Structures are given as C-alpha cells and as structure tokens.
Amino acid sequence: MTPTPHYDVVVVGGGIVGLATAWAAIRTGRSVAVVEREPRLAAHQTGNNSNVIHSGLYYAPGGLKARLAVAGCAETKQFARAHDLPFAETGKLVVATEPEELPRLAELARRGAANGVEVHELDQAGMRVHEPHVRGIAALWVPSTGITDFRLIAEKLGELVQQAGGDVFLGRPVEKVLRRRRDVVVRTRSGDLLGSRVVVCAGLHCDELARSSGLEPGMRIVPFRGEYSGFSDRAAELVKGLIYPVPDPAFPFLGVHATRGVDGHVHAGPNAVLALAREGYSWTTVDVREFLSTIAYPGMLQIARKHWRYGFGEMHRSLSRSAMARQIQRMLPDVRAEDLSPAGAGVRAQAVRADGTLVDDFLLLSDGPVLHVLNAPSPAATAALPIGREILHRLTGDVLAPVGAA
C-alpha cells in the first residue's frame, strides 16, 4: 500500500494568495503541497479581475488591507520585474463629479497619507494633465498605482514552488480538512494528503470548507458578479491609464472604473450584481441550491433591506448597455453606448456576517494547525506576497523578509 504523502504545509487553493503562501513556506525549507480543484491555477478571482496594482489609498489605516496592500504594491512590481512579467506604473486618477463627493475625496486623501501613499490633490486643470478627456470637479492623483496580469504572476509562483521541490496538484477538489492529534488530513476525492499545518484559501467556497471541517466561521460568502465592458478603438483613445470614481463608503466596492491594461485594451467595470451561483459568471449560470441558500441567509436579507436601490441600479447597468454608458459618462462624457461590448466577468467572494455587515478587511481565522482565509477579495491580488508571509508567521511564528529586501 502506498503511504499517504505528508507535507510540512498543505495549501488548499491555487489562487494567488494560496500560491504566495506556498512560496513563502517553501522558502523556509519546509515541504509544501498546493491542492487546487480546477484543472489550472488562478481560475477564479485571481484570473478574472481588473489587474490593477492597488496603492493602498482606500483602506482604513491600521488594518491588514492598508498595511499589506501598500507593501504588496511595491513587491508586486518588483516580482514582475524580476521575472520579466508585464506591468506598468501608470498612476491612477480618482475623480469627484459631484459636490457631495468632495468630503469623501478628502477622506481618501487623508487615508492615503496615513497609509504612506503619495497622493496629489488636483483641480480640473490638474486632472486633465493626466487624463485630457475626463470630466470632474476635483481629483486625486496616485502615481504608485499600476497594472499587471495577476494570472501570470500566480502561474509564476506555482512554477517557483515546483522548482523548489513543492508539489502542485490540479483537478483535485478538497472535501474537508480533519484535525488529528499529530497532523491534519486534507481529504480529496482522489486520496488524502497529510500536513503538519494547513492553510485553506478556498475563495468562493472558503466558508463551506470551514464548516465541513467542523469550524463555524461566523460569516458566509455572498458572491457578487462584476462585469466588464470593453471599449471600442475610438473610446479607448479617451483613456491614458486608470480613471476611478469616488467610491461609496457603504460598500467595499470601488465602483465602475476605466482601465488600460498591459495588453493595451481598455475596459470599464466592474459592477456588483448578486450572482446566481458561487461561480455564476453570467446570468445564465444558475445553481438553485446555492442561490436559495444565499438569499435565505439573514445577512443577505439585511443587505437587501438596506441597499435594494443600490442593487437595482447595479442590475440595470448589468442588463442595459445604455445604463452602463451613462455611468461611465459621469467621468468620460464622450463614451457612447455603442462603444461598449462584453469583456468578461469575475465573481467576488464577499464575506458577510449574519447582521448584514460586509467584512471590509482581510479575515484570517486560525484553528490550531489550520488557518482559514475567509475574506480576501480586492486588493488581495496586489497584497498576495505579504499576505503569504503574514499567514506563514501566524502558522509558524517565522518572520520572512520580502525577496530582494536588504
């Protein structure tokens, strides 16, 4: 009988956070395995986002997002440069289009300064130096923001893990994680793995896996689909880099923004529509069991009661190209509905508590030798490298320096 393979660290989930954790662990000399349910790495949140390297502007000072995103912004660029992966430091313009947005813009400037982010406050003439076709009454310019391809970064991390002797198992769904006295069993449909320590980075299914493993996480994942609209060649000429609205502070979403990617194509999005399945990347992808479970969750009922107008607005923009165009025209008045075409979608794994609170910061929950990552949406891709070291520290006590640090 073949013995069950044993590793110092088993990482469940082949997205960028799981892979960054595996890379951190293997750099300490530990044996590592990554177990991914899909046939390829980075299949969900990592591979379906706007590919923006966030600066750390938005996040409450002192939180994990603020600390790790600021570090991750610099480290992501350094990693991409070291491994000849595409990236560009484009800078970002955050535009206020209405007077009532000015206090929120000022609060963003305050947060950015508190987090150590370089921020420049601009008037109308100043904003047009960076984006000549933008319309607004004031703006912030954040020069450290950039763009990359996070799927390529994740795949490179997987390659580095394997080159260092780690194992990456694809197409191997994990059913549960069982703690024992001396080790942890990672039960998959094609056989068990054993780990001295286990990290669960299961994204859209993280709460389900926590519960199946005997842990009550105190939250539930509510999937929000974000759809992107590609720009025509004519409209793409209106965008030099990254143009963002002032976000609504009631939500952890950043609003519909225009992004010129590393491939030169320009897209706008995402919106935030309740998905009809955990992996509901379109209106036609429906899982009745998952959808009914989501809408029956008390936290989701609270969100619907408080924010139904916001939700209907997002749905309208999802179903109407003209409505999406009107949203974009607040900042870029020369974009027309006929300039827009579908350009894919992502699903955000948003943790929601039973009282309707949307978990805003990263949420890491330790259960002895097992650590569950329960909320890691944007800017987790930007922050992945320092998140991986943070997880390693919580699991083992090790303090690992960033690659390239003096």
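Figure 1. Lys77 is buried, its relative accessible area being 7% (buried, under 20% relative accessible area; exposed, over 50%; partly exposed, in between; 1.4 Å probe, protein chains only). The model is predicted: local features need pLDDT of at least 70 and side-chain atom pairs count only at pLDDT 80 or more, whereas totals for chains, interfaces and linings use all residues. Residues are numbered from 1 along each chain as its sequence is written, and side-chain values use heavy atoms, with hydrogens and water left out. Lys77 forms a salt bridge with Glu89, with 2.5 Å between the closest N and O atoms (salt bridge, a side-chain nitrogen of Lys or Arg within 4 Å of a carboxyl oxygen of Asp or Glu). Because Lys77 belongs to helix α2 (residues 64-82) and Glu89 to the loop between β4 (87-88) and β5 (92-96), the pair ties together parts that are twelve residues apart in sequence (helices, DSSP runs of H or I, at least four residues; strands, runs of E, at least two; both numbered from the N terminus).

**Figure 2. Salt bridge between Glu107 and Arg110 in helix α3****.** The N to O distance is 2.8 Å. Both residues lie in helix α3 (residues 102-114), three residues apart, about one turn of the helix. Glu107 is partly exposed at 29% relative accessibility, and Arg110 is partly exposed at 45%.

**Figure 3. Salt bridge between Asp183 and Arg180****.** Their side chains meet at 2.8 Å, N to O. Asp183 is buried, with a relative accessible area of 12%, whereas Arg180 is partly exposed at 48%.

**Figure 4. A network of salt bridges****.** Shared partners join Asp207, Glu208, Arg211, Glu216 and Arg278 into one network. The whole structure contains 25 salt bridges.
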